[in-house]
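Hi everyone, thanks for coming. Today I'd like to walk you through some aromatic contacts, so let's get the structure up on the screen.

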Amino acid sequence: MTILQTEPATSLRSEFLRTLAERGFLHQCTDLERLDERLSGGPVVAYNGLDLTADSLHVGHLVPIMMLRWFQRTGHKPIVLMGGGTTRIGDPSFRDTTRPLLDDTQIAANLAGIRQVFEKYLTFGEGPTDAIMLNNADWLDGLGYIDFLRDFGRHFSVGRMLSFDSVRQRLEREQSLSLLEFNYMVIQAYDFLELARSRQCILQFGGSDQWGNIVNGVELARRVDGRELFGLTAPLLTTSSGAKMGKTASGAVWLNAERLSPYDFWQFWRNTEDADVGRFLRLFTELPIDEIARLEALRGSEINEAKKILADAVTALCHGRDAALTANETARRTFEEGEAAAGLPTVVVDGASLRQGMPLADLLVTAGLAGSKSEARRLIRGGGARLNDAAITDEAAYLAEGELGKGVLKLSAGRKRHVLIRAG
């Protein structure tokens with residue numbers, strides 16, 4: 001097995017691996033030299049799997065999504081594997097607690113929401129390099145438990161499974177790990193074998209937290225069928241300040257517009273820390289490497305232009321170019337011209353409640369600018385809350401009669417987060 005933090009792009013023959021290396025995706029590979037050889041010999045098939053735990057993905061999922069996109073762009077065929085079966089168990093990797101179990105209705109609804117995301121990044125169809133989407137429930141639901149244990153259970157060493165970091169760390173913290181969860185890695189390994197047999201898939205992508213699960217699949221195929229399969233992982237991302245990628249104070253940064261407006265999505269990338277701009281441009285956009293080098297070399301106020309380019313490029317991929325242009329223009333009008341631009345996120349609140357005088361702390365929570373009343377009060381005490389661009393100084397203040405004006409309010413948290421409140 002090969003574990004690599006960096007790999008010179010010039011040492012790789014295949015366009016796909018060279019692209020991953022120069023953009024910072026490579027972290028671990030089961031046999032990099034042999035995989036490079038296979039990828040150089042013509043189109044191959046690879047997959048990335050994900051469980052259906054929500055009706056949208058968030059920006060933490062963008063690394064494997066972009067890997068699949070580059071895989072297709074460099075002449076190969078990607079498979080998106082929906083975990084309709086494995087979602088019923090829940091992946092325990094690097095989690096402190098068991099995932100909540102979902103019913104079939106919720107799993108189906110989540111699948112429909114996630115499908116929308118991938119249709120924006122990949123080209124689906126029947127061609128040799130067109131992406132396909134599969135559901136592992138199609139083969140897992142029909143497995144006989146006793147037959148499965150007899151045919152495949154003997155190929156897994158419990159000692160080996162306990163040695164993987166995802167399991168070992170949980171047990172070292174003396175947190176329970178159910179038999180149901182422990183079987184997850186066996187099921188994921190079987191998925192890889194099934195895709196190798198039915199779809200000639202030879203490669204699985206994932207984040208580094210999936211390394212143990214991926215290796216199990218590679219080893220199972222070798223033992224059962226004598227097949228040569230490969231695993232490839234990307235590093236799990238945190239920001240330069242150590243924050244987990246895809247999370248903010250107000251929650252996850254979702255990829256579906258129903259969960260998070262394109263404007264708020266654009267603003268997330270616009271607010272990237274200076275030290276992360278170059279890295280995020282490499283990972284989450286398709287800008288040429290030499291252009292990224294120029295942008296990340298900018299200093300002082302000029303780095304803000306690079307952040308806008310980052311926000312435009314990522315938003316265009318996720319929500320379309322029109323949405324990116326609208327978000328950029330809304331931000332310009334809001335911050336440079338001081339307008340309560342019509343393109344800002346809008347929350348409709350019962351008009352009677354507003355006119356009767358709603359506590360401003362409650363309004364901040366309703367607008368999604370604070371996660372709780374206590375957080376809203378801290379925001380007010382810190383001078384970060386504004387109503388119609390005027391500072392809110394009293395944490396117990398109510399909306400005064402007449403402030404609603406024409407039925408629209410502009411509520412702000414800090415200088416960059418704004419929401420329009422409309423009376424409904």
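Let me start with phenylalanine 280: its relative accessibility is 3%, so it counts as buried, given that the cut-off for buried is under 20%. Please keep in mind that this is a predicted model.

Now, what about phenylalanine 284, at 1% relative accessibility: buried or exposed? With that value, phenylalanine 284 counts as buried. Both residues sit in helix H13, which covers residues 277-284, and they are four residues apart, about one turn of the helix.

Phe280 and Phe284 belong to a cluster, linked through ring pairs, together with Phe265, Phe268 and Trp269.

Let me pick out one of them, tyrosine 47 with phenylalanine 192. The ring centres are 5.5 Å apart and the planes meet at 65°, so this pair is edge-to-face, as the angle is over 60 degrees. What I like here is where the partners come from: tyrosine 47 is in strand S3 (residues 45-51), while phenylalanine 192 is in helix H10 (residues 184-199). Tyrosine 47 and phenylalanine 192 are both buried.

Arginine 259 lies over the face of tryptophan 254, 4.0 Å from the ring centre.

Technical notes. Residues are numbered from 1 along each chain as its sequence is written. This is a predicted model: local features need pLDDT of at least 70, side-chain atom pairs count only at pLDDT 80 or more; totals for chains, interfaces and linings use all residues. Side-chain values use heavy atoms; hydrogens and water are left out. Rings of Phe, Tyr and Trp (its six-membered ring) pair if their centres lie within 6.5 Å; planes under 30 degrees apart count as stacked, over 60 as edge-to-face and the rest as tilted. Helices (H or I, at least four residues) and strands (E, at least two) are DSSP runs, numbered from the N terminus. Buried means under 20% relative accessible area, exposed over 50%, partly exposed in between (1.4 Å probe, protein chains only). A charge sits over a ring if NZ of Lys or CZ of Arg is within 6 Å of the ring centre and within 35 degrees of the ring normal.
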